2 protein chains.
Amino acid sequence: MQIFLNPPTDSWDELCKRPELENSALESSVTSILDAVKKFGDKAVREYTKQFDKVDIETLLVNQNEIIEANKIVSKKLKSAIAIASRNIKKFHSIQKPSTIKIETMPGVMCWRKPTPIERVGLYIPGGSAPLFSTVLMLAVPAKLAGCQEIILTSPPNQFGKIHPAILYAANYIGVKHIYKIGGIQAIAAMAFGTESIKKVNKIFGPGNQYVTKAKQLVSNLGTAIDIPAGPSELLVVADKSANAKHIAADLLSQAEHGGDSQVVLVVSSETYANSVVAEIHKYLATFDEKAKIHESIKNSRVIVLKYLEDQIKFVNMYAPEHLIINTSDCNSVVNKIVNAGSIFLGPYTPESAGDYASGTNHTLPTSGGAKAYSGVSIDSFIKNITIQKLSKKGLEGLQSTIETMAEAEKLPMHATAVSVRLEKK
Amino acid sequence: MQIFLNPPTDSWDELCKRPELENSALESSVTSILDAVKKFGDKAVREYTKQFDKVDIETLLVNQNEIIEANKIVSKKLKSAIAIASRNIKKFHSIQKPSTIKIETMPGVMCWRKPTPIERVGLYIPGGSAPLFSTVLMLAVPAKLAGCQEIILTSPPNQFGKIHPAILYAANYIGVKHIYKIGGIQAIAAMAFGTESIKKVNKIFGPGNQYVTKAKQLVSNLGTAIDIPAGPSELLVVADKSANAKHIAADLLSQAEHGGDSQVVLVVSSETYANSVVAEIHKYLATFDEKAKIHESIKNSRVIVLKYLEDQIKFVNMYAPEHLIINTSDCNSVVNKIVNAGSIFLGPYTPESAGDYASGTNHTLPTSGGAKAYSGVSIDSFIKNITIQKLSKKGLEGLQSTIETMAEAEKLPMHATAVSVRLEKK
């Protein structure tokens with residue numbers, strides 16, 4: 001973990017850079033899989049599942065027996081944790097639910113905006129060694145609350161052709177009815193284009209490796225919406241000496257353990273304090289296997305020492321972290337100056353893992369500086385707003401001259417005629 | 001205009017298709033311009049302006065004299081129309097303004113969501129023969145209301161190196177301070193990457209031809225957000241015999257006059273009524289120059305005759321039109337069954353041109369079926385929501401077991417440690 005002491009402002013751009021991913025040749029291989037699934041449907045999906053997941057799957061849809069089996073395997077303790085987490089997620093997302101707003105902008109001109117659930121959504125849940133069942137809650141709970149008619153969930157099967165029981169349990173617990181044993185690019189393709197087994201969805205959500213991410217980007221260029229552009233997860237911590245160095249070290253490592261491409265950044269005002277955190281990090285790291293990816297991620301990571309709080313805030317807003325922990329004595333005032341961050345964690349008792357799992361906020365957040373323009377996933381992500389208007393004769397009369405004048409100036413005569421023909425004297 | 005009589009359901013997919021745009025070779029030529037602007041900044045912008053707009057521009061920024069000049073040229077009548085339209089747009093968008101929402105999901109677990117304006121936004125306004133100053137209002141009014149700190153507007157210069165006075169007037173009227181004489185791909189590139197004259201923006205808005213659209217898509221893959229994927233404009237009208245055929249014809253033509261690639265669709269239950277609308281269309285068309293693009297657009301357009309209202313609604317939701325006029329005697333009940341549309345216009349006195357210009361709703365809307373997943377531009381488009389949380393010691397204690405259990409099941413031990421280290425007995 002490299003320490004940068006009072007780096008000059010003109011070096012900040014460089015310090016805000018995320019690790020570059022090697023992805024030449026990625027696009028063409030992803031495109032060929034997308035095309036094959038579009039053309040050959042389930043047949044192609046099964047072939048890629050054989051190739052990548054090393055398993056032959058006849059029926060892609062998860063059946064009731066598999067759900068029952070998962071229900072038996074998942075521990076009572078985990079079930080209770082899932083219940084508490086989903087209750088909090090439901091609580092926080094419920095208050096976001098938008099309602100129809102209506103206004104008469106001029107006499108006889110009624111305009112309104114009606115939130116309408118997206119009909120069919122697809123949730124992608126990565127499998128592999130760490131089954132991200134928490135992401136099931138983060139996506140399926142708001143999808144349900146929004147009122148999406150069909151929620152489709154795909155997740156890669158293991159070598160025995162099964163989805164991890166915790167993922168199945170969580171999905172069934174929230175009420176997801178259509179679960180498919182498909183992973184990777186072929187899952188994104190199946191949801192984007194539809195196959196014999198899977199109905200085409202309108203929007204795809206969920207994290208994934210760089211192949212899944214690339215597939216989502218490509219299908220979004222072809223007409224299927226996606227949640228947010230995704231990159232490796234990241235955390236920036238602003239701390240002062242009021243914060244326990246060991247706590248900060250644990251927070252940084254909790255992000256670093258996601259994978260070798262995760263980035264963590266620590267922003268502090270004192271070099272001495274920075275060193276004490278780094279020392280705590282190394283104590284923890286010594287307990288990990290030396291081949292663990294967490295070491296790699298810590299290598300990509302940085303400590304930025306900036307003397308003035310004002311500069312620290314400027315740096316944070318420039319970096320625009322996905323997760324931001326502010327563990328300082330004046331965190332309540334610092335947070336008011338943050339304009340670019342996905343999700344913020346305040347004070348000594350708010351580790352990022354609270355929001356990752358159970359406090360109620362969503363953990364699907366903009367990465368790689370995306371927080372400058374994007375929000376994390378929320379109820380809004382599962383809804384589109386339709387605007388509606390109805391004019392009375394009087395309303396149209398009141399706007400006639402305005403519309404006709406503007407249409408004429410934009411050289412669109414039929415725009416004016418559509419008004420005048422309605423109001424001409426018979 | 002081809003009439004389809006009670007087309008079978010399995011042909012609807014085909015009937016919902018939009019005209020295909022010829023765009024092979026588009027991507028590589030757009031990419032090369034993006035790359036050049038990224039590398040050479042203003043110098044490249046000036047060269048492309050010379051090449052495409054046939055004018056040599058030294059200072060890209062519009063100066064105060066140009067604003068004063070525009071103010072002199074724009075007629076009093078048009079100024080008054082712009083004032084009324086922008087007042088209505090302001091009214092409708094003001095009521096959408098989100099506020100911070102906060103909830104204690106469990107004792108000691110405070111979670112909130114804070115709407116935060118996007119700092120720097122770029123608005124692209126096409127120029128050419130029809131100066132779309134109405135789009136200035138539709139983008140700049142919500143950007144201002146949202147509180148964006150910097151609003152940059154670009155629009156192509158004419159052969160004399162000037163932006164159309166109505167565009168300059170409207171931009172200045174709303175309070176846009178940074179106006180640049182740049183058009184096309186080079187404008188999108190300049191806003192996405194920044195140049196010596198133009199600061200990089202976080203999100204780009206606005207319509208454009210297929211080159212501009214492709215440029216927006218490509219920069220959105222590289223980290224600059226965009227408003228919505230755009231395609232040619234379109235209108236679907238559902239009418240019954242209560243609607244005056246001449247009004248419907250004027251509505252369809254008001255959309256068709258946008259360009260040769262616009263598509264208009266009429267859905268009715270009676271062939272006789274369909275024929276009467278088509279007859280009115282031809283009467284209007286006879287008044288246009290035979291080379292006018294409106295003829296081409298009408299050729300791409302369709303009348304769908306479906307006997308049952310239920311089928312008509314199904315078709316509309318499958319087509320997911322950008323603009324939907326429901327001019328039927330029971331329009332108030334029909335609208336409740338529409339789930340996919342950008343903006344809806346109800347009853348005999350609500351032509352699309354009301355919403356295009358002046359009623360208050362936004363005219364930047366999802367095309368090409370995008371209405372299944374996207375909303376039109378609104379205040380939300382200029383805002384991102386940051387989630388924030390603060391746990392007390394008691395709050396973290398209440399979640400400890402839940403977080404630890406979930407972290408363990410996801411094989412992320414440091415996620416658990418970040419909690420336990422804070423609560424361990426000293």
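Predicted model: local features only at pLDDT ≥ 70, side-chain atom pairs only at ≥ 80, totals over all residues.

**Two copies and their arrangement**

Residues are numbered from 1 along each chain as its sequence is written, chains are lettered from A and ligands numbered from 1 in the order in which they are written, and side-chain values use heavy atoms, leaving out hydrogens and water.

**Domains of chain A**

- Chain A is assigned domain 1 (23-227), domain 2 (232-375) and domain 3 (392-426), with bounds from an automatic or database domain assignment.
- The centres of domain 2 and domain 3 of chain A, taken over C-alpha atoms, are separated by 57 Å.

**Helix packing in chain A**

- Helix α16 (residues 393-409) and helix α17 (residues 413-423) of chain A pack at an angle of about 150°, and their axes are 9 Å apart. Axes are lines fitted to C-alpha atoms, for helices over the stretch in contact, and angles run from 0 to 180 degrees between N-to-C directions.
- Helices (H or I, at least four residues) and strands (E, at least two) are DSSP runs, numbered from the N terminus.
- Among the residues making this contact are A:Leu396 and A:Ile403 of α16(A), and A:Val419 and A:Leu423 of α17(A).
- Helix α7 (residues 165-174) of chain A is mostly covered, with seven of its ten residues buried. Buried means under 20% relative accessible area, exposed over 50%, and partly exposed in between (1.4 Å probe, protein chains only).
- The buried residues of α7(A) include A:Ile167, A:Leu168 and A:Tyr169; they pack against α4 (64-73), α5 (76-94), α6, β5 (150-154) and β6 (178-180) of chain A.
- Just after α7(A), A:Gly175 has a positive phi of about 105°.

- A:Ser134 lies in helix α6 (residues 133-146) of chain A and is buried, at a relative accessible area of 2%.
- Apart from neighbours within four places in sequence, A:Ser134 contacts A:Asp356, A:Tyr357, A:His363, B:Met406 and B:Glu410.
- B:Met106 belongs to strand β2 (residues 101-106) of chain B and counts as buried at 13% relative accessibility.
- Not counting residues up to four places away in sequence, B:Met106 touches A:Ile84, A:Arg87, A:Asn88, B:Gly398 and B:Leu399.

- Most residues other than glycine have a negative phi.
- A:Asn6, in the loop between β1 (2-5) and α1 (12-15) of chain A, has a positive phi near 40° and is partly exposed, with a relative accessible area of 43%.
- B:Ala320, in the loop between α13 (309-319) and β12 (323-327) of chain B, has a positive phi of about 50° and is buried, with a relative accessible area of 0%.

Key:
Contact = heavy atoms within 4.5 Å.
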